[in-house]
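This report looks at the inside of one protein model.

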Amino acid sequence: MGAKLKVAGWIGVGALAGAMATLQFSANARGSQAALPLEELQQLAAVFGLVKAEYVEPVDEKKLINDAIAGMVTGLDPHSQFFDKKSFQEFKEGTSGKFVGVGIEIGMEDGFVRIVSPIEGSPAFRAGLRSNDLITRIDDQPVKGLTLEQAVKRMRGDPQTKVNLLIFRKAENRSFPVTIVREEIRMQSVRAKMVEPGYAWLRVSAFQERTVEDFAKKLTELYAQDPKLKGLVLDLRNDPGGVLEGAIAISTAFLPNGVEVVSTNGQLANSKYSYKARPEDYLRRGQVDVIKKLPAALKTVPLVVLVNEGSASASEIVAGALQDHKRALVLGAQTFGKGSVQTVRQLSPDTALKITTARYYTPSGRSIQAKGILPDLAIDETAEGNIIGALRTREADLEKHLASSNQNAESEEQKAREAERRRLEEELNKRKEPLKPLPEFGGEQDWPLQQALNQLKGKPVVLSKAPLERKAEAAKSDSSKPN
């Protein structure tokens, strides 16, 4: 039996080696890339055959090949990824802003899922779930011990299927069960309100396909309430980024026409590009330009941008552009530092490759990668300090991240952050009580928002108790884009 398996395995090796040879021939025929390393490809084929023939249990060949592809890509950097059928569908849901679930924005608190906010009109909203409710069980599974991602997966599912949640309402000190029928949810990535007469707050929580449309709608509503707006706070805290066109469009809403928003630079010629504040750089085919319909006053209204360690990618592009063009003052904490471009190449109807192809640069030529955007004014998360923010992971902390243009400075900063993280963790271990969850963004207890309003009104701003060290910029060649 073993001999037969080995024969079958080596037949598989031959087939795979043949495929590799075909790839080699095709690559050479095209002449557009270097010759493939045949010896290493033969080793890959040999490992495939040995696993197929000798592993303790039969292994599906397609799974082996998919795992090999995934391993190849994840070894590059934290953001390149091979999408199989399931993960590709999840990725498309994430950028479209649509998914099937119960309709809540969530976080973690004491090991439980905390409802930050039910999405208006969603099944959770109609069921009466409230902000700060805790989900303690999902169907028959206790939530404690699950990661946030695992909890999300359990609450999502097919349309018109049921999920049973056990809710603990802290305000009433009681638990109760709720059965919710899943529906397709359209995420609300933009929220806005008049904070007080003359001053508005607009939050973008992600850059998705409908974000620009929702952004324009909310701004139009704000100006309908007060056509003589005195100041606006653009809140990009914890915004992980998303669709590049969304970042360009929202930047265009505040900037003079035609100025640079962001540029990219990579190995391929088409990865070298300057994106400007103009419709051709943010509109997709068939889209209506909602940005040009916004009030003209938006170009000059006093503007403050709020960022933190969770602001990444597209949100860093917006903050960097508005900062470089002196259009807004940026308040908060140093951003995440995700300054690389990922291009999605579809491999089949159900699979795709997301691969890093370039770096992002602000209009002044600063690289965002692994450094992020430094705020003009460093503001703590709460009046008591910035403990939670200082413990957050940043791009420079990720294994195999693309280095910044100034690697020596990045290394020193990482050492300093690690030392500060250890100090804070020791401080937390000494506390008798757990940290309180941060106040809701946009709420009355939102400390950074209060400081942003003070800035707009010309009042004193309370700066961070541990302000960022602003060292002199390295030589321009260290931080600017290469020629």
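A cavity is a set of points on a 1 Å grid over the protein atoms alone where a 1.4 Å probe fits but cannot get out, and lining residues have an atom within 4 Å of a point. The model is predicted: local features need pLDDT of at least 70 and side-chain atom pairs 80 or more, while totals for chains, interfaces and linings use all residues. Residues are numbered from 1 along each chain as its sequence is written, and side-chain values use heavy atoms, without hydrogens and water.

The structure holds two cavities of 30 Å³ or more. Volume is the space filled by probe spheres set on the points, which are joined across faces, edges and corners.

| Cavity | Volume | Lining |
|---|---|---|
| Largest | about 140 Å³ | eight nonpolar, four polar, six charged |

Among the 18 lining residues of the largest cavity, Arg237, Asp380, Glu381, Phe441 and Pro448 are the closest to its centre.

Arg203 touches residues including Ser189, Arg237 and Phe441, where contact means heavy atoms within 4.5 Å. Arg203 is buried, with a relative accessible area of 8%; buried means under 20% (1.4 Å probe, protein chains only). A polar atom of the Arg203 side chain lies 2.6 Å from the backbone oxygen of Arg237.

Conventions
Buried < 20%, exposed > 50% of the residue type's maximum accessible area, 1.4 Å probe, protein only. Polar contact = N/O pair within 3.5 Å; in protein donor to acceptor, adjacent residues only side chain to side chain. 1 Å grid on protein atoms, 1.4 Å probe; cavity = no way out; pocket = protein on both sides within 12 Å on 5 of 7 lines; lining within 4 Å. Nonpolar A, V, L, I, M, F, W, Y, C, P; charged D, E, K, R; others polar. Lists of a residue's contacts leave out its neighbours within four places in sequence.
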